[in-house]
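Subject: Structure for you to look at

Hi,

Here is the structure I promised to pass on. Have a look at it first, and then read on for what turned up.

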Amino acid sequence: MAEKKILIVEDEISIAELERDYLELSGFSVDLEADGDKGLRTALEGDYDLIILDIMLPGADGFEICRRVREVKDTPILMVTAKKEDIDKIRGLGLGADDYITKPFSPSELVARVKAHLSRYERLTGSEKNRNDIIEIRGLKIDKTARRVWVDGAEKQFTTKEFDLLTFLAEHPNHVFTKEELFREIWDMDSIGDIATVTVHIKKIREKIEYNTAKPQYIETIWGVGYRFKV
Ligand code: CA
């Protein structure tokens, strides 16, 4: 099994480092963020198996980070709090946090909770193999098995060829493909059409996944060559 990746967002460095040290001793790979805004960005862009969130943070607080991550990901989230009011809020708001732990806590309790949530998540999502059928890049989520696509949590409809083209590009990030290569890959050799078909499909995909089609953040045009999926 691959090493599990955990993100800790915690502004008290001594607590963050203690959590990290214990988790690393238990075989996890750990990233730390001490600021809420940076923590939110890292949580959305990174590929973590579990997120440990402090509530009081500079920038975005733990509640906001939890809510925003939940809009696009189902990564297990463990909230850390020192206040009883926070516990009521975690329970009451339907933020989607999987659990909370109150300060002060023992590091071994934290490790036990983390392990419990990871194995529960694996049971819910099925085998490692199934998880590979999901591609998640920033706000874009592609379920290859169900052939469904979400952009920032909202499902978008794609034609068969649009889906195939998007998925092919997303599976080969940062690789530049010519229009000819993409046409050969997605359409049959004998099919009627030409490389202009690729351009048309890229345009339609961009309209569904990009915030600003003039400045695409996912599918980039490499002038005179073709396209690449930016990561
Ligand atoms: Ca704090």
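Ala 116 sits in helix H5. With a relative accessibility of 43%, Ala 116 counts as partly exposed, since that value falls between the 20% and 50% cut-offs. From Ala 116 to Ile 52 there are 64 residues along the sequence, and their C-alpha atoms are 14 Å apart in space. Please keep in mind throughout that this is a predicted model.

The next residue to look at is His 117, also placed in helix H5. His 117 has 11% relative accessibility and therefore counts as buried. Setting aside residues up to four places away in sequence, His 117 touches Leu 50, Pro 76, Asp 98 and Asp 99.

How does the length of helix H5 compare with what 1.5 Å a residue should give? The helix covers residues 107-125, and its 19 residues should span 27 Å; the C-alpha atoms at its ends are 27 Å apart, so the two agree. Buried in H5 are Pro 107, Leu 110, Val 111, Val 114, His 117, Leu 118, Tyr 121 and Glu 122. Viewed down the axis of H5, these buried residues lie within an arc of 135°, so they line one face of the helix.

Now to the metal. The calcium ion has as its protein donors Asp 11 (OD), Asp 54 (OD) and Met 56 (O), which lie 2.1 to 2.3 Å from the ion. Along the chain, the donors of the calcium ion follow the spacing D-x42-D-x1-M. Asp 54 counts as buried because its relative accessibility is 5%, whereas Met 56, at 55%, counts as exposed.

On to the packing. The largest nonpolar core holds 26 residues, and Leu 140, Leu 166, Ile 209, Ile 219 and Phe 229 are those with the most contacts inside it. At least two residues of this core come from each of strands S6 (134-137), S7 (140-143), S8 (148-151) and S12 (226-229), and from each of helices H7 (160-171), H8 (179-186) and H9 (196-209). H7 gives the largest share of this core, with six residues. Apart from this core lies another one, of 18 residues, including Leu 57, Cys 66, Met 79 and Ile 90.

Which residues is Ile 219 in contact with, leaving aside its neighbours within four places in sequence? They are Leu 166, Leu 169, Ile 202, Ile 205, Arg 206, Ile 209, Glu 210, Tyr 227, Arg 228 and Phe 229.

Strand S11 (residues 219-222) pairs with S12 in the antiparallel sense, over four bridges. Gly 226 in S12 is the bridge partner of Ile 222. The hairpin of S11 and S12 has three residues between the strands, and Gly 224 in this hairpin takes a positive phi near 80°.

Finally, the chain as a whole. The chain has nine helices and 12 strands, and its C-alpha atoms fill a box of roughly 65 × 35 × 30 Å along the principal axes. Of its 231 residues, 41% count as buried. Among contacts between residues at least 6 apart in sequence, 54% join residues at least 24 apart.

Best wishes

Definitions and conventions
Residues numbered from 1 in each chain as written. Predicted model: local features only at pLDDT ≥ 70, side-chain atom pairs only at ≥ 80, totals over all residues. Heavy atoms only, no water. Core = buried A, V, L, I, M, F, W, Y, C linked by side-chain atoms within 4.5 Å. Buried < 20%, exposed > 50% of the residue type's maximum accessible area, 1.4 Å probe, protein only. Contact = heavy atoms within 4.5 Å. Expected span 1.5 Å × (residues − 1). Arc of directions from axis to C-beta. Pairing = 2+ DSSP bridges. Donors = N, O, S within 2.8 Å, 3.2 Å for Na, K, Ca; no water.
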